[in-house]
Amino acid sequence: MVASSESHATDAGVDILRAGGNAVDAAVAVGFALAVTHPFAGNIGGGGFMLIRLASGETAFVDYREEAPGRASHNMYLDAQGNPIKDESVVGALASGVPGTVAGLALAEQRYGKLGLARVMAPAIHLAADGFAVSYALAQDLHSESIKLGKFDASRHIFLRDGNYYQAGEIFKQPELARTLQEIADHGPDAFYRGPIAHEIAASMEKNHGLIDLGDLAAYQAKIREPLVGHFRGYTIVSAPPPSSGGVGLVEMLNILEPLDLGAPDAYASMHLIIEAQRRAYADRAQFLGDADFVTVPVASLTSKDYAVKLREELLAAKPDAPVRAGNPAPAENGNTTHYSVVDADGNAVSNTYTLNGGYGSGLTIEGAGFLMNDEMDDFASKPGSPNMFGLIQGEANSIAPRKRPLSSMTPTIVLEDPKAASDGAPAAGSGGPQLRLVLGSPGGGTIINTVLEVLLNVTAFHLKVQQAVDAPRFHDQWMPDKIFIEPGISEDTAARLRDAGYTLQRVGGIGDCEAIAVDSQTGWRFGASDPRGDGKAAGY
Ligand code: DON
């Protein structure tokens, strides 16, 4: 089963599974295919995270997040008065970090795939060379980003057809991108980081006053990290460690909520408790989270059950909406992104979220190579304490430094059901190890962690089927700004009670695009759920 936010990419993944590929083969195929069919967020000029859980129980987290170039500096986006210069970290070459996607997908394929890079890239090369029918959503998106894309010659030519905009149903071919992908398939990631593509990136950067040079590209490495692991009501939560804030935030919130009676979804009582957990976790995110290779992040304390006890006591004693500050853990130590999930016949699972950051990234296409570059530098705190494009306040832990990775909210997650304990608490005989239950993630900038939390709670605490869990209306509180964003589906009754309790509410169109797969505990059937907020598809065979 494959669930992704674009149908050709889902089909590419299913084809690879049918051809005998495992979940990692399919995931790499989907990643390259989205770079062709979903240029809004799919990419080879960006970065992300791939969480892998094999049927054997082995887990791995491939960190292919972008990196600040070697010539980046703490105040590079500030003017002489120390204020952020509008759009410097968002549009154009200076906004880009060193892309990690090619390194990350190639590393995953080499370590865990069966079919090899050339085979799993074949569907993407075909889609780029021979083209695919533009969907209504893509035609609309391209048009709506015409101002940013129109600033750069290659972007205007490829994505806007020099003003003769693509209409739904027309065939979109990308010959330059096809050549670039073929080069990678033939010569491996070195083609991108040291070979001809590296030279094209460096040339576009120089021409457009960017900082990424050949040395930065040659130095880039995807890293295999230990996933972050938490426990919630008999489930093991496997999620994203730093440089994502996702796993820490998710586990911190689940720990706070674990013993509380959450009642029903979309009810004042449950929403109030979940929102108060969200505010506390996002306040801690702002204070403590950053690239743990550069700063000390108190991961163990923030995700400890003891710390959750303290936060829960505070939360239950406080008036709803009382001010929240970052905690003091005991020292122990619809922009755009896209998520997809894969589970193969053997039970291997992949949860992958990757991004250009804003829709179409920085807007800059590498000349001759046909792919868009990211604007991930905006995920750093350009000025600690000032909000970024998602309104997220972040601290010195996430300030800019050469070769540092910006803090992310991407939260690719896998949920396992622990073996049922016998009455004496010991695992029941013959129960085996933890069983795969749910694979999920979402785009949505700062809202991602809360989307994953809410879908996960809908399945594990509210016992909804996975499609209902994905469909259910969402809400989002990120501590600052001090308000709750709610989707239209939240009932007016519940909204009124939240307002009466003192919260400020703002209705928004839609939050996230969760592409999830659940595995039924009795039958082992895989249930794919594609988010109705997006234009995706879940398919299997
Ligand atoms: O890594 C992050 O947290 C952001 N760059 C993600 C951006 C995103 O999800 C935009 N999508 N709506």
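Start by selecting R161, which is partly exposed with a relative accessible area of 24%. For these labels, buried means under 20% relative accessible area, exposed means over 50%, and partly exposed lies in between, using a 1.4 Å probe and protein chains only.

Before moving on, a word about the model. It is predicted, with local features needing pLDDT of at least 70 and side-chain atom pairs counting only at pLDDT 80 or more, while totals for chains, interfaces and linings use all residues. Residues are numbered from 1 along each chain as its sequence is written, and side-chain values use heavy atoms, leaving out hydrogens and water.

Next, select D63, E67, K223, R225, D293 and R405: salt bridges that share partners join them into one network. Then go to R65, together with E376 and D379. R65 forms a salt bridge with E376, where the closest N and O atoms are 3.2 Å apart, and another with D379 at 2.7 Å, N to O. Are R65 and E376 buried or exposed? Both are buried, and D379 is buried too. Over the whole structure, a search finds 27 salt bridges.

**The seven-stranded sheet**

Switch to a cartoon view. Helices (H or I, at least four residues) and strands (E, at least two) are DSSP runs numbered from the N terminus, and two strands pair if DSSP finds at least two bridges between them. Follow the open sheet of seven strands in the order β6-β3-β2-β10-β9-β1-β18, where the pairing is antiparallel. β6 (223-225) and β18 (537-539) stand at the edges with a single partner strand each, so one side of each has no neighbour in the sheet. Within the sheet, select β2 (residues 47-53) and β3 (residues 59-64), which pair over six bridges; G48 has Y64 in β3 as its bridge partner.

Now show helix α1 (residues 7-18), where R18 is found. α1 lies across β1 (2-4), β9 (336-343) and β18, at about 160 degrees to β1. Contact here means heavy atoms within 4.5 Å; axes are lines fitted to C-alpha atoms, for helices over the stretch in contact, and angles run from 0 to 180 degrees between N-to-C directions. R18 itself is exposed, with a relative accessible area of 55%.

**A helix pair**

Select α13 (residues 268-288) and α16 (residues 448-460), which pack at an angle of about 145 degrees with axes 11 Å apart. Which residues of α13 meet α16? They are I274, Q278, Y282 and R285, facing I449, N450, L453, E454 and L457 in α16.

**Last stop: three strands**

Finish at the open sheet ordered β13-β14-β15, where the pairing is mixed. β13 (475-476) and β15 (505-507) are its edges, each with a single partner strand, so one side of each lacks a neighbour in the sheet. Helix α18 (residues 492-500) packs on this sheet, touching β14 and β15, and its direction makes about 150 degrees with that of β15. Two bridges join β13 to the antiparallel β14 (residues 484-486), and H476 has F485 as its bridge partner in β14.

Note on methods: A salt bridge is a side-chain nitrogen of Lys or Arg within 4 Å of a carboxyl oxygen of Asp or Glu.
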